[in-house]
Amino acid sequence: MTVRRFGTIPPGLPGDGPWTRSPRRRIPVGFRVTGVRRLSRSGLSGASIARGRRIGRGSRLGGCGGLVAGNPYGEFDTKKWPDGNRKSSDDMDVIGFNDLVSSKQAARRFFLDFCWKNHQRFCPRCRERKLYRVSGGRRRCSRCCYTFHDFSRRFLNSCAFDCRQWLWFLKLFELEVPPRDMAAQLRVSYPTVLKGQDIVRRAIVAQALDATLLHRAGVWAGPGGKRPESAMRDSPVFGIIDVGGVVICDTLPELTPEELLLFKCNFRLRTASFGRVVYTAPYRNYLAMACCGPSLWPTDLVRHEDKRLPLDATDFWGLVKQRLGRVRGLPPVQFPLYLKEMELRYNCRNRDLLGVLAKALCAFVPDG
Ligand SMILES: [Zn+2]
């Protein structure tokens, strides 16, 4: 039998190694599971498969050999995510936390370390390093004359908390203390706590791998960022995938809630819901898709009541259900913020979250 080599399958995929062409078996089993012919047998039309492929290419995890978080699917290194299983030496216990909040200078230094690498200041607007000192500890850029202080244009500067208050706020946020109790403990008003929580969630979104896609989809970047032109009716559709214990909620920009309904009605995609959040059975490489919005509930006849979806069996979704179950009337525009918060909490489940949150809070607010 003549065997002719004509390509190599990327490592980590089924049947990796050299491809072989033989009279009976041209392609290794499992490699082209998303091929048009195989899917055609499952009832999908060629056009919808081609569309699915385009969607896949648009996301970071497109089909076989796609990308996740900028890495080939088979080579995604879960260690790049903050390690969820091991305690880091940087983790802070209550004694360390007490030292930080005991003085204003210590708290300020803690945040400054996240703001400026090696204490090297630069202009937040044009990145110029030649600066002049002006009164009040501020600096002025020699190129664009922008006057700024250490926390200008950062999430940290968006709320009237000082550094010590921020530290306490982050500690209570980490412990998931209800907002009313936080307000009482911090001696601030209830709306201030809600604003602080919103800023922290937007800071988390800004750190996400698909932050640009979310901002483009209409999620406001944060105070100082450009407001979206139109109000968001439905949240973006998220593809949820578990890669070695790390959950990634990936924005699928080319997929709309209407198309999700279409998949349900025409292709029998199973769906379930809690509150106004709808999630589905596995789709492509994703364990599920999730979305929130009125378009998913066009009439009373459309129901999302399928049982025992694979996502229900995961710890991550149990956590999301438990957490979002406490939020009454979750608006679709807030859903991405909560989902990204839960993604971070789950992936950092066994480590100190305070440092991760502080780092996110010290980042610049994206322009949107
Ligand atoms: Zn400048």
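Helices (H or I, at least four residues) and strands (E, at least two) are DSSP runs here, numbered from the N terminus. By that count, the chain has 12 helices and 12 strands. This is a predicted model: local features need pLDDT of at least 70, side-chain atom pairs count only at pLDDT 80 or more, and totals for chains, interfaces and linings use all residues. Residues are numbered from 1 along each chain as its sequence is written, and side-chain values use heavy atoms, with hydrogens and water left out.

**Whole chain**

- Of the 368 residues in the chain, 46% are buried (under 20% relative accessible area, with exposed over 50% and partly exposed in between; 1.4 Å probe, protein chains only).
- Take the contacts (heavy atoms within 4.5 Å) between residues at least 6 apart in sequence: 59% of them join residues at least 24 apart.

**Nonpolar cores**

- A nonpolar core is a set of buried Ala, Val, Leu, Ile, Met, Phe, Trp, Tyr and Cys residues joined through side-chain atoms within 4.5 Å.
- The largest has 49 residues, and the members touching the most others are Phe111, Trp166, Leu167, Phe169, Leu170, Val200 and Leu361.
- Two or more residues of this core come from each of α3 (94–101), α4 (104–115), α5 (163–174), α6 (179–186), α7 (190–207) and α12 (354–361).
- The top contributor is α5, with 7 residues.
- Another core lies apart from this one; its 45 residues include Met232, Phe263, Leu269 and Trp317.
- In soluble globular proteins, nonpolar side chains tend to be buried together.

**Where α4 meets α5**

- The α4 and α5 axes come within 8 Å and cross at roughly 70° (axes are lines fitted to C-alpha atoms, for helices over the stretch in contact; angles run from 0 to 180 degrees between N-to-C directions).
- α4 is therefore roughly perpendicular to α5 (65 to 115 degrees; under 35 is roughly parallel, over 145 roughly antiparallel, the rest oblique).
- From α4, the contact uses Lys104, Ala107, Arg108, Phe110 and Phe111; from α5, Cys163, Arg164, Trp166, Leu167 and Leu170.

**Helix α12**

- 6 of the 8 residues of α12 are buried, so this helix is largely enclosed by the rest of the structure.
- The buried ones are Leu354, Val356, Leu357, Ala358, Ala360 and Leu361.
- They pack against α3, α4, α5, α7 and α11 (335–347).
- Beyond its neighbours within four places in sequence, Leu361 contacts Arg154, Phe155, Leu156, Trp166, Leu170, Ile199, Val200 and Ala203.
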